[in-house]
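The following note sets out numbered points on the model shown below.

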Amino acid sequence: MATALRRRSLAYLLLAPGTLWLVIFFVIPLYFMAKLSLDTEIPGTLHYHFTWAWSNYKEALQLYDTQFVRSFIYAGIATLLCLIIAYPLAYVIAFKAGRWRSLMLFAVVAPFFTTYLVRTLAWKTILSNESPITEIFHAIGLAPSGHILYTGFAVIAGITYNFLPFMVLPLYASLERIDVRVLEASKDLYASASSTFWKVTLPLSLPGVVAGTLLTFIPAVGDYVNAEFLGGANNRMIGNVIQSLYLTQSNYSAASALSFVLMAVIMIVVFIYIRFAGSEALMGQEAV
Amino acid sequence: MSTTATTAVSERDITPGRGSLSAETGPARAWRWLREHAVNIAAVLVVIYLLIPIAVIFIFSFNNPAGRYNFTWVGFTLSHWSHPFANTELTEAMLTSIRLALLATVVSTIVGTMMAIALVRHKFVGRRIANFLIVIPMATPEVVMGASLLSFFLVLGTPALGFTTLLIAHVMFCISFVVVVVRSRLIGFDRSLEEAAKDLGAGPFTTFRLITFPLILPGIFGAAMLAFALSIDDFVISNFNSGTTVTFPLYIFGAAQRGIPVEVYVVAMILFFVTVAAMGFATWQQRRAERMTSIRPEQEEADIVLPGIA
Amino acid sequence: METSGSAKKGARRLAIALAGLAVAVGLAACGSGIEGPVEATGAKVELEKKATGNLVISNWPLYIDKKTVPNFEKATGVTVEYHEDINSNEEFFNKMQPLLSAGESGGRSIFVLADYMVAKMIKLGYLQELDKTAMPEVAANMSKALRHPPFDPERNYSVPWQSGMTGLIVNKELAPEVHSICDLFNPKYKGKVDFLNEVRETVPLVMKCMGIDTEKATEADWMKAIAKIKAAAVGGQISRFTGNDYAQDLTSGNAVAVMGWSGDAVQLQIDNPNLEWRMPTQGCMLWSEDMIIPVGAPNPTAAEAFMNYVYKPEVQANITEYVNYVTPVEGVKEVLLKREPKLAANHLIFPSASFTKNCSPTPTLEGKEEKNVIRAFDEVLNG
């Protein structure tokens, strides 16, 4: 009994610093932000007082509903593109790469080692009006106006690129866990390559698809760097709005309201998604 | 794992006759050959796509722009590589970033590892809540985390936003990732060794020091690398909570207004090569550790590279 | 039985501890920070006899030549920490504001900010009143036109750093017909036009195109101009809203005509001779940015010594040569006539009265009007 008790208090002791850090600097700030989102500014000062001003939410959403919807659309398209681009790569790394595997995995994580902003600025160069890439896209009719930079296309391209590794790695991890003998069994039973893929490989890799989708979609919705550097006047996302409301306009209550709605909507989307697709990918395995 | 997989297949294969012999005729085989290679070709294209911007950064680090703007190629020069730290503002920002990332890594790795051990090795009331507390920050967009932390500092009236508030923020968003990485290592861990140690009369702390810790060390190391990478690259949360302290990403964001100096590309490449070298070293270390203990002979590189993601 | 009991006890203890912590944090929140009363603290600088020690300056990037700071250090023995950490008036102000309201300046002794921001800070009591007796060069050489601005009629708080004009920067080859702000709305240049993200410059320029007198404009006039800008942004006419980064759009061909600042144009011509600043047919906007000493600033003596130093025409000439904006110091033209006659003849650096006859000062917005206009414009910026 005594050892059990000691073990338990040891558990709390081990848990305490991290928990306290997360509670003080993550949970309590959310509470303060919630409070701030219901504050009203005292006119002529830079100070706020608490008034249950639900109108902050209404006003902010009325002004910025377009950016809200746009963020979800951009992030959704980018996530889908990531999935389409990442799957073949993850598949090849898992089943076909052989001795090239390490090198290909390295290529996947290499972008992480160059600073996010520098990477995005490199895309600015790649997509600028004078770049050959833009000319190719123009020639094949994908950029009818002759420019890509400062369009929604550029923003989505940037997001897709920047979050691609978040899709490839979980996909690879789940594909790699598939027992190759299962695939061979499928072949032995005269399943065609495509039916083996659709009926065996893909279902078995679903946890990776779920994890990858979430890991891509969540940061993509709140992103503002891509829209800042690659987007034009009509491509700002909700992250840009929150950022500018906080940092340049000091309109803290509207910004807090938007942040809260953003978080709530993401949570809802994620929970619905997990309902359909299973939760182990996000929550991780429980201890045995 | 493999048992569930087998059942899934066998269930499906009860439905008869999908793959028939006709699929093996000449054109079909050619088609399949092409398709199999199409996957490979697609994969290679994606790899190229992933590396293009890095190549662009590398190339433009040798550019010799006429004016202030490093956006169009003008000519080749080595001058920026020979004086990568000539720009004092940039160098200072880089040093701030490194100092910040090192501190954030140390703190978050220690705190996160403790949490992971508690979560995997101990049963206690509130474990679900603790798990939830770890997942939620990872499911929160950075902009919301940054904004809420700034709200907190503003409402508290913290006057001096700066290095301390940055450190607080960075540790905050690193903890969850550290916990997840170390936890995955602890879960796939052969406990019989610990029991053997206990049977041989080792106390719990001796067991931890001599058995548990060395075995989860690669996981801790991977977690630390991930924390360092997250911290040194963070822009969004830092932008909210930096006050007037300038980190490397914040410097770039400010400089982007006026034209990025070429040194930024040089420093970014140096950072790239250093991280690649560190990762190579870590992989080598881990392989060695695996070989010495050979607890899990089938350990794959992915777990080393970015285990938190998987 | 016993185990689960003590586990519960442990959890309860944790819960109580956390609750206590939350209460403590909540209590600490009362009466401080942005939720609570306002304290204004304006005072006059207290000077020592001789400038010594350390001086920290915050300014915009690329806004000073490489020689002035070291020369000042040599001349006075003061060591200068010169930060180029201002990229936006609002952002810098918001970052400093919590410090300023606590009577601190983050160790900095000089900020350089736009007129309207200086006006706001004077009202909030965030600035120290200057001791003008310690700055004879400023008294002697400040340009006549800048001596009595409405927000600081006797220049008790601010000393102009540089002035400038906001007008058009065009690519002569690709957008030859752009001469007025209205031409930026020409569908021929759809998607190739950048507007500034500065409400006090962009909106008045568009009002000028609409024939509205910017100095008498009502809130309704502002809103009309903003609506016009919004329509152009939504319709794809305006590629994006920028700060100085329009420069890179012009050099890389992403834009052919922009709203831009005079000093940048002089620099840009070095990169691309096809780029030129044009005075809009309806006139330009005039602005200046001022040096100020914030509350709680250490070493105001050295700060004033620096302000005085850069008002020596010989010193200011170096700055002018580098930044190419309109100098607030008289006598610089004479110095440059000997040194670099080409610059002295440049009407973007030394504009004549007739050149700027249609130009207007950047308007100051106030109170509710300011709030409404800024909100409306920001909605357009965040399109």
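1. What pattern does chain B follow when read along the sequence? The pattern is α-α-α-α-α-α-α-α-α-α-α-α-α. Chain B holds 13 helices and zero strands; helices (H or I, at least four residues) and strands (E, at least two) are DSSP runs, numbered from the N terminus.

2. Basis of the note. This is a predicted model, in which local features need pLDDT of at least 70, side-chain atom pairs count only at pLDDT 80 or more, and totals for chains, interfaces and linings use all residues. Residues are numbered from 1 along each chain as its sequence is written, while chains are lettered from A and ligands numbered from 1 in the order in which they are written.

3. Confidence. The predictor assigns the complex a pTM of 0.85 and an ipTM of 0.87. For chain C the average pLDDT (the predictor's confidence in each residue, from 0 to 100) is 88, and 89% of the residues score at least 70. The pLDDT is below 50 over residues 1-5 of chain C, a stretch with two contacts in the model beyond near neighbours in sequence. It is also below 50 over residues 27-31 of chain C, where five such contacts are found. Two residues are in contact if their C-beta atoms, placed from the backbone, lie within 7 Å.

4. Burial and contacts in chain B. Of the 310 residues in chain B, 48% are buried. A residue is buried if 20 or more other C-beta atoms lie within 10 Å of its own, exposed if 12 or fewer, and partly exposed in between, with C-beta atoms placed from the backbone. Among the contacts of chain B between residues at least 6 apart in sequence, 77% join residues at least 24 apart.

5. The contact of chains A and B. Chain A contributes 95 residues and chain B 89 residues. On the side of chain A that touches chain B, helix H1 (residues 2-36) of chain A gives the most, with 19 residues. That side of chain A comprises 69 nonpolar, 17 polar and nine charged residues. Here Ala, Val, Leu, Ile, Met, Phe, Trp, Tyr, Cys and Pro count as nonpolar, Asp, Glu, Lys and Arg as charged, and the others, Gly among them, as polar.

6. Helix H4 (residues 116-127) of chain A against helix H11 (residues 248-256) of chain B. Their axes come within 9 Å and cross at roughly 30°; axes are lines fitted to C-alpha atoms, for helices over the stretch in contact, and angles run from 0 to 180 degrees between N-to-C directions. H4(A) and H11(B) are therefore roughly parallel, given that angles under 35 degrees count as roughly parallel, over 145 as roughly antiparallel, 65 to 115 as roughly perpendicular and the rest as oblique. From H4(A), A:Tyr116, A:Leu117, A:Val118 and A:Leu121 meet B:Pro249, B:Ile252, B:Phe253 and B:Ala256 of H11(B). This contact has eight nonpolar, no polar and no charged residues.

7. H4(A) against helix H2 (residues 26-60) of chain B. Here the axes are 9 Å apart and the angle is about 85°, so H4(A) and H2(B) are roughly perpendicular to each other. The residues of H4(A) that take part include A:Arg119 and A:Trp123, and those of H2(B) include B:Pro53 and B:Phe60. By class, the contact of H4(A) with H2(B) has nine nonpolar residues, one polar and one charged.

8. An enclosed helix. Helix H11 (residues 238-247) of chain A has 10 of its 10 residues buried, so it is largely enclosed by the rest of the structure. Among the buried residues of H11(A) are A:Asn240, A:Gln243 and A:Tyr246.

9. Positive phi values. A:Tyr150, in the loop between helix H5 (132-139) and helix H6 (152-177) of chain A, has a phi near 65°, a positive value in a residue other than glycine. A:Tyr150 is buried, with 27 other C-beta atoms within 10 Å. C:Arg155, also not a glycine, has a positive phi of about 55°, and its 19 C-beta neighbours inside 10 Å make it partly exposed.
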